[in-house]
Amino acid sequence: RIKGQGFYLQINVASAADVDAAAARITAAGGTLLDEPADRPWGVRMFQFRDPDGFKLGVSTPLAG
């Protein structure tokens, strides 16, 4: 089995600016994003990345509506 497969953790933050700041901190620390922060059709701003152990994580916040 591939390490980290079958596990996903979604981290919710307070604002779209926090989503963007988290992505910037991850890339500044040498991390790689699986996708860039973006507004999604289902009403959130989010991105995904893999942690150093190979687990897939997401960071998101609801869009103001």
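Biologist: Is Arg 40 buried or exposed?
Modeller: In this predicted model, Arg 40 sits in the loop between E2 and E3. Its relative accessible area is 19%, and the cut-off for a buried residue is under 20%. Arg 40 is therefore buried.

Biologist: Which residues is Arg 40 in contact with, leaving aside its neighbours within four places in sequence?
Modeller: A contact here needs heavy atoms within 4.5 Å. With the neighbours within four places set aside, the partners of Arg 40 are Asp 35, Met 46, Phe 47 and Leu 63.

Biologist: Which residue takes a positive phi in the hairpin of E2 and E3?
Modeller: E2 and E3 pair in the antiparallel sense over four bridges, and Leu 33 stands opposite Phe 49 in E3. The hairpin has four residues between the strands. The residue with a positive phi, near 90°, is Gly 43.

Biologist: What is the order of the elements along the protein chain, from the N terminus on?
Modeller: The secondary structure comes to one helix and four strands. Read from the N terminus on, the order is β-α-β-β-β.

Biologist: What is the radius of gyration of the protein chain, and how does the globule rule bear on it?
Modeller: For 65 residues the globule rule gives 11 Å. The value for the chain is close to that, so the chain is as compact as a globular protein of that length. The C-alpha atoms fill a box of roughly 40 × 25 × 15 Å along the principal axes. The radius of gyration is 12 Å.

Biologist: How far apart are the end C-alpha atoms of helix H1?
Modeller: H1 covers residues 16-28, which is 13 residues. At 1.5 Å a residue the helix should span 18 Å, and the model agrees with this. The end C-alpha atoms are 18 Å apart.

Biologist: Which residues of H1 are buried, and where do they lie on the helix?
Modeller: Seen down the axis of H1, the buried residues fall within an arc of 100°, so they line one face of the helix. On the other side, Ala 17, Arg 25 and Ala 28 are exposed. The buried residues are Val 19, Ala 22, Ala 23 and Ile 26.

Biologist: Which strands do the buried residues of H1 pack against?
Modeller: Just after H1, Gly 30 takes a positive phi of about 95°. The partners of the buried residues of H1 are strands E2 (33-39), E3 (44-50) and E4 (56-62).

Biologist: Which residues of E4 are the bridge partners of Leu 9 and Arg 50?
Modeller: The hairpin of E3 and E4 has five residues between the strands, and Gly 54 there takes a positive phi near 95°. For Arg 50 the bridge partner in E4 is Lys 56. For Leu 9 the bridge partner in E4 is Leu 57.

Biologist: What share of the accessible surface belongs to carbon and sulfur atoms?
Modeller: Buried residues make up 29% of the 65 residues. The accessible surface of the chain comes to about 4300 Å². The share that belongs to carbon and sulfur atoms is 57%.

Technical notes:
Residues are numbered from 1 along each chain as its sequence is written. This is a predicted model: local features need pLDDT of at least 70, side-chain atom pairs count only at pLDDT 80 or more; totals for chains, interfaces and linings use all residues. Side-chain values use heavy atoms; hydrogens and water are left out. Helices (H or I, at least four residues) and strands (E, at least two) are DSSP runs, numbered from the N terminus. The expected span of a helix is 1.5 Å times one less than its number of residues. Buried means under 20% relative accessible area, exposed over 50%, partly exposed in between (1.4 Å probe, protein chains only). The arc is that of the directions from the helix axis to the C-beta atoms. Two strands pair if DSSP finds at least two bridges between them. The radius of gyration is taken over C-alpha atoms; the globule rule is 2.2 Å times the number of residues to the power 0.38. Accessible areas come from the Shrake-Rupley method with a 1.4 Å probe; for residues, only the protein chains shown count as cover.
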